[in-house]
Amino acid sequence: MHFNIENYIRDIKDFPKQGIIFKDITPLLSDADALKETTKSLLELVPEDIDKVVGIEARGFFFGTLLAEHLNAGFVPIRKPGKLPYQTYQETYDLEYGTDTLTMHIDAIKPGERVLIHDDVLATGGTAAAVVKLIEKAGGQVVMLNFLIELSFLKGRDKLKNYPISSLLTY
Ligand code: AMP
């Protein structure tokens with residue numbers, strides 16, 4: 001019987017603000033079988049020869065780390081400014097209102113390393129596009145971007161045209 005991962009994702013209306021339907025993955029994280037099945041299903045979507053998995057703060061850390069462990073790869077966290085203690089690369093990108101900045105340690109990725117990016121949700125793609133730039137600043141090669149959930153109506157793929165993308169669930 002096919003395990004229904006969708007049943008473990010909870011829609012929260014108007015969070016964190018009016019008009020957003022937030023995809024809450026905490027029910028999936030808290031169920032032992034769902035956690036295992038999701039990791040297994042994500043692994044079927046990604047290449048095996050990866051040097052680093054890059055997870056995006058904060059919900060990209062959960063499965064990002066699990067994927068890294070299974071792929072025999074290292075894990076690299078992307079964080080908001082002021083969180084990483086060592087020297088960082090920074091990338092600022094546009095939001096609907098204003099801008100946001102993401103950072104990565106300058107020694108987290110070595111030139112030529114094969115990188116898999118992971119996050120929970122692909123929405124407009126602005127976040128993921130900024131992460132691609134951070135990795136390329138360090139000389140890394142983005143092999144694929146992988147998401148648990150893709151909100152296809154927000155057309156995130158349009159911002160990531162030159163890169164392979166895999167998503168477990170598409171809405
Ligand atoms: P974006 O830059 O628009 O692709 O937004 C991606 C980031 O925002 C990801 O780190 C997601 O975790 C988060 N995000 C955007 N939309 C949602 C949503 N509907 N539910 C949960 N997380 C979301």
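Which polar backbone atom is 2.9 Å from a nitrogen atom of the ligand? In this model, it belongs to isoleucine 21. Hello everyone, and thanks for coming; before I go on, please keep in mind that this is a predicted model.

Let me stay with the ligand for a moment. Arginine 59 places a polar side-chain atom 2.8 Å from a ligand oxygen. Threonine 124 also takes part, with an N or O atom of its side chain 2.5 Å from an oxygen atom of the ligand. As for how covered the ligand is, it exposes 480 Å² when taken alone, and the protein buries 81% of that. If you are looking for the site on your screens, go to the largest pocket, where the ligand sits.

Now, who else is around the ligand? There are 13 residues around it, and those that come nearest are Asp119, Asp120, Thr124, Gly125 and Thr127.

Let's move on to salt bridges. The structure holds 10 of them, and I'd like to show you one. Lysine 52 pairs with glutamate 113, and their closest N and O atoms are 2.9 Å apart. This pair links distant parts of the chain, with the two residues 61 apart. Lysine 52 is in strand E3, residues 52-56, while glutamate 113 is in the loop between strand E6, residues 99-105, and E7.

Finally, some backbone geometry. As a reminder, most peptide bonds are trans, and most residues other than glycine have a negative phi. Here we have some exceptions to look at. Phenylalanine 15 and proline 16 are joined by a cis peptide bond, with omega about -5°. You will find proline 16 in the loop between strand E1, residues 10-13, and E2. Aspartate 14 is in the loop between E1 and E2 too, and its phi is positive, near 60°.

Where does the chain have another cis bond, this one with omega about -15°? That one joins glutamate 57 and alanine 58. Alanine 58 lies in the loop between E3 and helix H3, residues 60-71.

Thank you, and I'm happy to take questions!

Definitions and conventions
Residues numbered from 1 in each chain as written. Predicted model: local features only at pLDDT ≥ 70, side-chain atom pairs only at ≥ 80, totals over all residues. Heavy atoms only, no water. Near = heavy atom within 4 Å. Polar contact = N/O pair within 3.5 Å; in protein donor to acceptor, adjacent residues only side chain to side chain. Areas by Shrake-Rupley, 256 points an atom, 1.4 Å probe, with all protein chains shown as cover. 1 Å grid on protein atoms, 1.4 Å probe; cavity = no way out; pocket = protein on both sides within 12 Å on 5 of 7 lines; lining within 4 Å. Sits in = over half its atoms within 2 Å of the grid points. Salt bridge = Lys/Arg side-chain N within 4 Å of Asp/Glu carboxyl O. Helix = DSSP H or I, 4+ residues; strand = E, 2+ residues; numbered from the N terminus.
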